[in-house]
Amino acid sequence: MKVARIGSTLLASAVVLSLAVVGVRSTQVAASSHREAPMIIADPQADNTDVYAFVSPDKPDTVTMLANFNPFEHPGNGPNFYRFGDDVLYEIHVDNVGDAQSHITYQFKFTTQIANPNTSDYTTGPIEKIDSANLTFKQYYTVTRLDNGTATTLGQNLLEPPARVGPKATPNYAALSDAGIYSLNDGSKVFAGQADDPFFLDFSIFDLLTVRKLPGNVGGGQDHLKGFNVHTIGIQVPISRLTADGSKPTAPTAANAVIGIWSTTSRQTTRVLSPGKAPQGSGDYVQVSRLGHPLVNESVIPMGMKDLFNSSQPANDAQFLNYVTDPELAKSLHKIYGIKVPPAPRDDLVAIYLTGIKGLTMPANVKPSEELRLNVGVPPTAPGKISNLGVIGGDLAGFPNGRRLADDIPDISFKAVAGVAYPLFHADYTPDPLAAQLGDGVDANDLPFRTSFPYVAYPHENTINDSFVNPDGDVIGAGGSSNPPPAAGGGTPGMPRTGATDNSHLADFYNLLLAALAAVGGLTLVGGYAMRRRTADSATHK
Amino acid sequence: MRRPFRLIACALVLAVLASAALPRPAAAHPMGNFTINHYSALTVGAGRVDLLYVIDMAEIPAYQELGAIRADHNTDLTVAERDMYLSSKAKDLAGGLHLIVDGAELPLTPTGTPTLVFPPGAGGAATPTLRMDLHYTAKLPADHGSLTYSDSNYAERIGWREIIAQSGDNTALRDASVPAQDVSHALTEYRPDLLSNPPLVSSATLTFVAAPGAKGSSSDTQQAQAAQRGITSTNNWAGQTNSAVTALTDLLNRKELPLEALLFGLLLAFGAGAAHALSPGHGKTVVAAYLVGSRGTGWHAVILGVTVTISHTIGVFALGLIVLYASEYILPEQLYPWLGASSGLLIAGMGVLMFWQRLSAWRRNTANSTAADVQATNHDHEDLHDPTVPHTHGAFSRPHTHVAADGQKVTMGNLLSLGIMGGIIPCPSALIVLLGAVAYHKVGLGLLLILAFSLGLAAVLTAIGLAMVYGRGLAGRVKFNLSQSLLGRLPMASALAVSCLGLLIAYQALHAGITR
Amino acid sequence: MRVFSSRFTLMIGVALLLVAGSLALAPAVVHPADPPVAIADPASIVGSGITTNGYADGVIAGAQARLQKRADDSSALSDLGLGYLQKARETADPTFYGQAEKALQQALAARSSNLDALGGLGSMALARHQFHDALVWGHKAQALNPQRAYAYGVIADAQTELGDYDGAVETLQKMVNLRPDLSSYSRISYARELHGDVDGAITAMQQAVEAGGPAPENHSWAQVQLGNLYFNSGRLAEAEQAYNAALIAYPGYLHARAGLAQVRAAQGRTAEAITLYKQAIAVVPLPQYLSALGDLYTATGAGVAAGLQYDTVSQIFRLFAANGVEVNIEQAAFLADRDQQTATAVRLAQTAAAGRTDIHTQDTLAWTLYRAGQYPAAQEAINQATRLGTRNALILFHQGMIAGKLGDSTAARKYLGAALAVNPFFSVIYVPQAKVALDSLGK
């Protein structure tokens, strides 16, 4: 009993102490003189945003492959800031066997030449021609093709068109950009340079708790990539140069018809210290980014695995199998919208993301791996019959049979995860009708695509110099905005003033108020007990 | 289940008192020690543009600015120095302000009485900040037009930049790019929070039109208030400082000192001492906890209050002396934590001792609980008033008398040592006054002011002590009826609380200044 | 009925206490009755003359927009925190560290496995010189995801500052193998520099410059470091080029201005150097640049002007102390360079050296001991400071001066000569002193 009482005394004291500690606030301002190197999270030059692969609509005997880098290039920012990295190895890989190996690799290496290192200007006058002497920075590149490791240089000293600056510096941009399309010595065409970001989506789709109400497939979304540019590498290759046997497939069912495509970026590692201070900087290339299917990192691979995925090889993709067969996103869709989703394991998603769909994009003896698979035997769909929902929209020349610029990826991905394609593999399954309503409400790009290679739209131009918000007024995370967004509720002007303005005096009154409150509280408590006790006493005595 | 509840309630009372009384670390300028903050309030109308222009420099730029006024960086400016600085500054800064109406630049003429104050910064008065309020005016050529205003002073320096525009009499403003109400209340409140950014506005555009009969939105309200704040304000962020201390150091800064000013100063010092006793960081908690626990009388409260005050005054003097003579070897700012830590540890030790004493007393008590219960029903224990005379406490109680019930005695030794330890913690405000006086070669005045300060402190601490004794008496009576348990344990809880507080003070002092 | 009312009274009592308690626990400055501050009209900001190459502003605004929708969005909170960290870099304004910490801690509270928040808190600890804490954050993040380079950067920085150079090299090797980018290249450059491999350091910093980062400031920071590497090897023209490149990518970058100032001072263009330092200080008066300007004034005989700068530095240290920031080693070095309060300087350096064994701390300790006349102890410390073979002119100068006082004129000649050979412009104050000392030692 005594022990118990001492215990409760200690408890009371502990409560005092813990509350008192909470009351201790510290406001320390840091000073810094140690060497603070930046810790960058993003590496835009090596950030692979999207990969596209499709049979060229205007040249159906070729395949066009596009890879985009450097997201959120704002037309209003300094043009010399956005470029390909001279130290980054850009690669587009083709697996034409289905064994998860890169049998054909296109490598792109860039070199910048600075004509005038003492000017801060990107140009010293209008740029009328791609090799204008007014251009301060010129970036050249080399294209190399590896066939199972054997290298062939397809083009070198190819000059990249300048970034689009504005109506004065780059007045006739279309001509400049078109001058950057080169024919290579194997009959391919290549382009590397700035372009409009062809992807369109509403970011809020990833924030499932705030996602718009269903249906999400009929407009109403905001294209958060509207107005931004990227750097694009595109190559258009005769189909016969891509298939395993060097011939153009005669039919979609031909054994050589399916190829798998992905792109990677790599930077060189280095020995931190080498004995004898040997030459540095010539270490192995380390893969820092990898991309095949769109939105795989966002909708399939969990956040914590992103770094692992970016550094991994398709041959090792079995390690991600579980995230595909039982994706978190499907569970979330079920939880939030009550949508009935197919049961795990999801062989439909395994087909879409890892093996290809049997009869369309699955190679014989396929080794499951995350590649964008394209059946080059399927001819381009005629313009009037294209569905931007691709295969689930009944258009077999669209995603996930390769990926065209106009394919509505967010809508397709969400619908697919919700089971819209499941009946293709399980005829007796009826998808939840709500699944077909999923989407981000953005159905097309902000600019029309070009009708010939490289198809992407010309980059946006800097028209409003000091506006760093996109044309909708949305402020986008990495876009380089210098303006905070308007505050909810219209901001300051009408804000009422409270009486408490002069806080120096208030601090004293505040403490006094606290003491008074505490005292009154304590007395009331005690008084309450007194009353209660009296009541109880009188009750028992009577 | 009622007992734990009571305990927790009791703990809450103590917690509230403790949290209000705990020392808080000095706060730096919320906009950073390096900032220069700008504020412009335009009033357009009645044929003219009035501008209140405020520059608030944080500690470092203030120090640099002071160095430009006087090589010794003292805030002790003569009236002549002050006037010369302000008038040249008003001219310089006007060069960076551009008021353009309908394409023509209007000259801004300094007007009114500019003010210059040096509110204490993160390190107290030793690291002052600088705030000046300047007034300009310009004649409007017409009763309507378009106006552009820009501020290019200290353009590269980081800081808060705010512009507001209000209409004067018979005028209305259209399409103003800036609001009519300010956020910072003329740079007296900076509240950068996570979801908002400090304003970075350095130009404004608007059009004004004649609006006969319209009452100005500002002239006598906001701007007058802002100007008023500009004179008396101390920055609320400087946690422990208060206006009285600022006014005091300001007073010390003056070269000529008439008698009225001296009396005013003493009164101020008294008030500052009183306010200081109410502000966080002193032995109040110790006093309160001790008196609650030990059944002290009113006299004990007075003695404790006086002891705290005397020891505090001595502590200030001693620290002042040490600071003055030892600065070659010890950096004064490094002394605080050690002093704080050692007094904190002393308090903690004292608390442990008290706990031990009370634990034994309580054990004796519970052994005699039956007797105590009998005695309790008489509920006549001593208090401030004559214990034998029936009286009432507050609205809830009925007439009763008090006489002490338990064997716990207040010893003079306990009282004195506790008072000394509670008071010896160095008090920055008082030290500022003393060091200020010494620095300005007015030691006598400094001593006088400290004395007045201490008297104010004594008055309030004693009053708090009395209040605690009174309040505890009431609490004691009620709980007494219930059982011996709570009242028996309360002294121990308070002893433990004293220990914990001592440790906390020591930890805080060390954490803030020494470790790391 | 009576029972009810007494209970009611009790409840009121408890409620009042809770209110008082919560008020007491509320932040001291913000008053609960006040509405939250909204930001000013953005239209007027657009028109403001302030130029920010605001990558950080964009990140902050984006995160704030997301937080308007959902206040406990952990990744938005950590983005906000990292945005504020970057903002502190861009403006050199330490206020933003406070904002960053708040956001990062809320992010961690919302999701304890938030890697960005863990890494960001590691960066915070580094900025506050709490290197042991930084190690803890780094290891926590590493344990959660060994694939993430950020954790290795935090760990390597802490190891470097604490003097665990072998550990740092090992960590950096893992980091760069995982992710070669500006973050890892620039850290490798520093490791090589410390180990005396200046050419290797320059190569790695060039890689960092080329790799760039999402913010122009990242690129310019690497350029400035490259400039410093050139300057420290006496290669003024290349240093100037690097500083200029930094100013092109991030106009007004104060570290680049200060770098250019030291090049101008070395070239004897003192007036330009003073102007450049003043420009750097106009943005934020950082103590290192105030000291450098003071030294320049001292070297040109403008003692009063120099005193003003030095006094401001002292005032800054006073403020840091008041703010609870540990600047022992910086303050010790400052006092030793002024040859003031030698006993205090030694004590500060010794306090710092008790917690870390890095070469800069040892070098500072050696120099304070030299000033205090404790030459054998100074030599012991300088031997520690040179244990990696760092080719740093100032350290070599210290080494030579200490050797001279100990009567070893051969060593003194060797080290003083090496200091001048490594960088003939290493200090406007000490270069003349080194030359005088060399002359007095004879050839």
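A: In this predicted model, C:Gly138 lies in helix α7 of chain C, which covers residues 131–144. C:Gly138 has 28 C-beta neighbours inside 10 Å and therefore counts as buried, the cut-off being 20 or more. Apart from neighbours within four places in sequence, the residues in contact with C:Gly138 are C:Gly122, C:Ala151, C:Val154, C:Ile155 and C:Ala158. C:Asn383, by contrast, stands 245 residues away along the chain, and its C-alpha atom is separated from that of C:Gly138 by 31 Å.

As for the chain around this residue, chain C has 24 helices and 0 strands, and 64% of its 443 residues count as buried. Among the contacts in chain C with a separation of 6 or more, 47% join residues 24 or more positions apart.

The helix pair is formed by α12 (residues 216–232) and α14 (residues 254–266) of chain C, which pack at an angle of about 15° with their axes 9 Å apart. Because angles under 35 degrees count as roughly parallel, α12(C) and α14(C) are roughly parallel to each other, and their crossing is left-handed. On the α12(C) side the contact is made by C:Ser220, C:Val224, C:Gly227, C:Asn228 and C:Phe231, while α14(C) contributes C:His255, C:Ala256, C:Gly259, C:Gln262 and C:Val263. Sorted by class, this contact of α12(C) with α14(C) comprises 4 nonpolar and 6 polar residues, with no charged ones.

Note on methods: Residues numbered from 1 in each chain as written. Chains lettered and ligands numbered in written order. Predicted model: local features only at pLDDT ≥ 70, side-chain atom pairs only at ≥ 80, totals over all residues. Axes fitted to C-alpha atoms, helices over the stretch in contact; angles between N-to-C directions. Helix = DSSP H or I, 4+ residues; strand = E, 2+ residues; numbered from the N terminus. Parallel < 35°, antiparallel > 145°, perpendicular 65-115°, else oblique. Left-handed = near helix turned anticlockwise from the far one by under 90°. Contact = placed C-beta atoms within 7 Å. Nonpolar A, V, L, I, M, F, W, Y, C, P; charged D, E, K, R; others polar. Buried ≥ 20, exposed ≤ 12 C-beta atoms within 10 Å, placed from the backbone.
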